[in-house]
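Hi,

Here's the structure I promised to pass on. Have a look, and then read on for what turned up around the ligand.

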Amino acid sequence: MNQDTSPRLTELNAEITGCRACPRLVEWRERVAREKRAAFRGEEYWGRPVPGFGDTSAKVVVLGLAPAAHGANRTGRFFTGDRSADFLVASMYRTGFASQPTSTHIGDGLKLRGAWISAAVRCAPPANKPTPAERDACLGFLRRELELLEAGVVVCLGAFAWDAALRLLRVRPKPKFGHGATFELEGPMLLGCYHPSQQNTFTGVLKPEMLDEVLRAAHDKAGRLR
Ligand code: SF4
């Protein structure tokens, strides 16, 4: 497993973290970082665009929507330091993609094996809703990331990520998102999975075994690509 050893991915990540192309999102991510949530008052928030991370030889990309205001926008790493992270990374551990079941902060020892975690939009958006223009402005980063990784499988966490991946692949008409949905034509195979947000995990819409099943399917597919 190679963590952060690809010069071109490092270069891309440096470009991402310096981006200020979307004024509304720049204002929001920085305001959240200044004002903070009471529970994290003593912490320094990241407050910038969040780069992807993981195994640079990964064939599986786990794709979210955007950084959570007090999750990745605080910690600087996707799916790190909140309930969604607890749910996703525990599943990645059970299915062999993660070295440990928790993801709390950069430097916590988490290593990914055969997987890379990213998102369609790199800045925390108000109400978790980027505009179509913000999504389109950011998709170029994802395109380059998938090309550099030569990704074979993209696990799309939620309809927004599914839609973003289909836009990159220029698929029309777009196949409908659903948990367990698959799409494969040219480019990476897409696997649909409900997002591990509290809205889904607290209500039982997404259960641990459902996420495990999708990640195991991604593992199988990636194994066939090698
Ligand atoms: Fe740049 Fe993407 Fe953030 Fe917009 S959302 S400012 S394109 S990193």
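The ligand sits in the largest cavity, where "sits in" means that more than half of its atoms lie within 2 Å of the cavity's grid points. A cavity here is a set of points, on a 1 Å grid over the protein atoms alone, where a 1.4 Å probe fits but cannot get out; lining residues have an atom within 4 Å of a point. Bear in mind that this is a predicted model: local features need pLDDT of at least 70, side-chain atom pairs count only at pLDDT 80 or more, and totals for chains, interfaces and linings use all residues. Residues are numbered from 1 along each chain as its sequence is written, and side-chain values use heavy atoms, with hydrogens and water left out.

There's one cavity of 30 Å³ or more, and the largest has a volume of about 100 Å³ (the space filled by probe spheres set on the points, which are joined across faces, edges and corners). Its lining has 13 residues, with Cys19, Cys22, Cys123, Cys138 and Phe141 nearest the centre. H5 gives the most to that lining, three residues (helices are DSSP runs of H or I, at least four residues, numbered from the N terminus).

As for the ligand's own shell (a heavy atom within 4 Å), the residues include Ala21, Leu25, Pro49, Val121, Arg122 and Ala137.

Cheers

Key:
1 Å grid on protein atoms, 1.4 Å probe; cavity = no way out; pocket = protein on both sides within 12 Å on 5 of 7 lines; lining within 4 Å. Helix = DSSP H or I, 4+ residues; strand = E, 2+ residues; numbered from the N terminus.
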